[in-house]
Amino acid sequence: MTDTHDVAVVGAGPAGLAAAVEAAEAGLRVAVVDGAGQPGGQFWRHYDERHARPGDRAGHHGWPLFVRLRDRLDALGAAGRIRYLPGRQVYLVTRDETGAFTLRTTPSASLGEPGRESGADGAGDVVARALVLCTGGYDRQLPVPGWDLPGVMTAGGVQALLKGHRTLAGGRAVVAGTGPFLLPVATGLAQAGASVVAVAEANGTLGWLRDPVGAASVPGKAVEALQYAALLARHRIPYRTRTVVSRILGEDRVEAVRLTGVDRDGRPAGPVREVAADLVALGWGFTPSLELALMLGAGTRKDVDGSLVVTVDAFQRSSVEGVYVAGEATGVGGAVLATQEGRLSGLAVARSLGRPVSPAVMTRLRGAIGRGRRFAAAMHRTYPVPRAWTEWLRDETLVCRCEEVSYGDLRRAHDDLGADDPRTLKMLARPGMGWCQGRVCGFATAGVAACLSRRETTADDLRPLSTRSLAAPVTLGELAALDRHPTVSDPTEERG
């Protein structure tokens with residue numbers, strides 16, 4: 001019979017690590033399920049710990065915090081308080097009549113990566129009385145002519161290769177999109193030996209002045225900005241504001257990019273120049289991973305940055321009893337904020353299960369989270385996705401690369417067949433029906449639908465391409481082996 005834990009934490013990034021150790025130290029028995037082979041998540045991604053060198057950790061902000069959390073995880077694991085399962089992806093969550101959650105897991109592609117222990121210990125199911133979802137997020141992408149050429153990558157993918165594998169994705173790079181994340185990617189490439197010929201920031205930088213209170217809510221961020229400015233200057237990296245990559249040029253791979261000046265809405269309004277490059281790193285912020293939260297029926301809303309996020313209360317509780325959510329899934333705000341939310345969720349679930357926790361600590365965490373959210377809102381208002389980004393597209397520009405659906409296909413489905421929302425576009429033109437299941441094209445498809453209908457994107461636009469019957473690829477054998485017990489929430493009963 002499967003053992004029942006007090007709480008299962010999904011994800012071992014900043015939020016998940018903090019939630020797990022706080023809950024375990026409060027007396028709960030915790031299971032931590034993570035798709036990677038070692039803890040840290042995307043933010044603290046690092047090389048194989050068994051062979052790491054001191055320089056492998058260069059550029060990791062908050063590394064001492066990670067080391068403390070990792071050491072606590074190890075100690076609590078040795079004491080039997082935490083069961084750590086790396087290399088496992090949760091593909092389905094169900095709930096039985098007693099209220100216990102069952103997490104169905106499958107080996108992830110990261111299973112072969114080095115870790116403290118093998119995730120393939122026969123633990124296909126994890127059962128728990130409560131859940132803390134710390135599922136993080138992934139790079140948001142906007143299509144641009146030529147973005148399907150080899151040599152075009154997400155900014156996060158470029159950084160992951162560098163941090164996790166000591167691999168440079170290219171020798172002559174353009175980093176483009178919007179937001180502060182472009183800075184560590186560009187400077188990381190330069191420090192590793194690449195020539196970064198431009199950072200193209202779609203927005204200006206004076207947007208911070210519109211919300212001085214929010215901008216000053218986390219003073220340490222200003223210090224980080226100055227450090228990156230110094231690195232840009234040291235490596236002589238041009239930082240061009242109000243500039244976008246309007247086209248990527250090349251035959252069999254990237255050869256050059258076209259940089260275009262834009263107005264505050266993203267419409268072409270300035271000089272156009274071409275620069276040679278063999279790598280283009282694109283980053284337009286992040287999209288939260290909401291598969292599991294939506295699978296359980298958690299309430300959602302549209303955040304300041306245009307993302308769909310889970311609605312939580314002051315103690316990180318979602319609208320589903322027993323389900324807590326922390327980190328990027330509640331709104332993209334960075335590792336420090338994610339860690340604070342993770343700590344609060346761990347303490348809150350411990351309190352809900354009758355363990356004593358410090359009210360003063362929880363109050364301090366709530367205050368810090370409030371300040372972090374104010375800063376995040378100011379950041380998102382300063383670096384929005386340009387309103388007119390669809391004007392960069394041509395009819396032949398692919399929006400969904402898996403199914404090879406072009407902007408022209410979406411436009412014709414709207415104009416000729418009346419598809420004025422993402423769900424209908426998906427049914428008639430097939431965006432989001434390929435391997436990635438809308439993870440890459442979902443945000444863009446929702447934006448195209450809203451633009452063609454001359455309206456703003458809503459949460460209802462974003463939800464259809466964020467919801468998936470299964471959260472990860474599984475084999476037919478795994479599906480066939482599923483027990484068909486009655487559940488409170490089983491998405492396979494409602495969707496194909």
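**Buried strands, a covered helix and salt bridges**

Thr 243 is buried, at a relative accessible area of 6%; here buried means under 20% relative accessible area, exposed means over 50%, and partly exposed is in between (1.4 Å probe, protein chains only). This is a predicted model, in which local features need pLDDT of at least 70 and side-chain atom pairs count only at pLDDT 80 or more, while totals for chains, interfaces and linings use all residues. Residues are numbered from 1 along each chain as its sequence is written, and side-chain values use heavy atoms, with hydrogens and water left out.

Thr 243 is found in strand 12 (residues 243-249). Strands (E, at least two residues) and helices (H or I, at least four) are DSSP runs, numbered from the N terminus. A polar atom of the Thr 243 side chain lies 2.9 Å from the backbone oxygen of Thr 241. Apart from neighbours within four places in sequence, Thr 243 is in contact (heavy atoms within 4.5 Å) with Ala 200, Glu 201, Ala 202, Leu 259, Thr 260, Gly 261 and Val 262.

Not counting residues up to four places away in sequence, Val 257 touches Val 174, Val 245, Arg 247, Ile 248, Arg 273, Glu 274, Val 275 and Val 280. Gln 227 is 30 residues away from Val 257 along the chain, and their C-alpha atoms are separated by 28 Å.

Now for helix 1 (residues 14-25). At 1.5 Å a residue, its 12 residues should span 16 Å, and the end C-alpha atoms are 17 Å apart, which agrees; the expected span is 1.5 Å times one less than the number of residues. Helix 1 is mostly covered, with 11 of its 12 residues buried. Among them are Pro 14, Leu 17, Val 21 and Glu 22. The cover over these buried residues includes strand 1 (4-10), strand 2 (30-33), helix 2 (63-78), strand 3 (82-85), strand 6 (125-133) and helix 8 (335-352). After helix 1 comes Gly 27, with a positive phi near 110°.

On to charged pairs: the structure holds 26 salt bridges, each being a side-chain nitrogen of Lys or Arg within 4 Å of a carboxyl oxygen of Asp or Glu. One of them joins the side chains of Asp 265 and Arg 387 (4.0 Å, N to O). Asp 265 sits in the loop between strand 13 and strand 14 (268-276) and Arg 387 in the loop between helix 9 (359-382) and strand 20 (398-400), so the pair ties together parts that are 122 residues apart in sequence. Asp 265 is partly exposed at 23% relative accessible area, whereas Arg 387 is exposed at 60%. Both belong to a network of salt bridges that also links Arg 267, Glu 391 and Glu 456.

Asp 395 and Arg 411 also meet through their side chains in a salt bridge (2.6 Å, N to O). Asp 395 lies in the loop between helix 9 and strand 20, and Arg 411 in helix 10 (residues 407-417), so this pair ties together parts that are 16 residues apart in sequence. Asp 395 is partly exposed, at 32%, and Arg 411 is partly exposed too, at 26%. In another salt bridge, between Arg 455 and Asp 461 (2.6 Å, N to O), Arg 455 is partly exposed, with a relative accessible area of 32%, but Asp 461 is buried at 4%.

Note on methods. A polar contact is a pair of N or O atoms within 3.5 Å; within protein, one must be able to donate a hydrogen and the other to accept it, and residues adjacent in sequence count only if both atoms are side-chain atoms.
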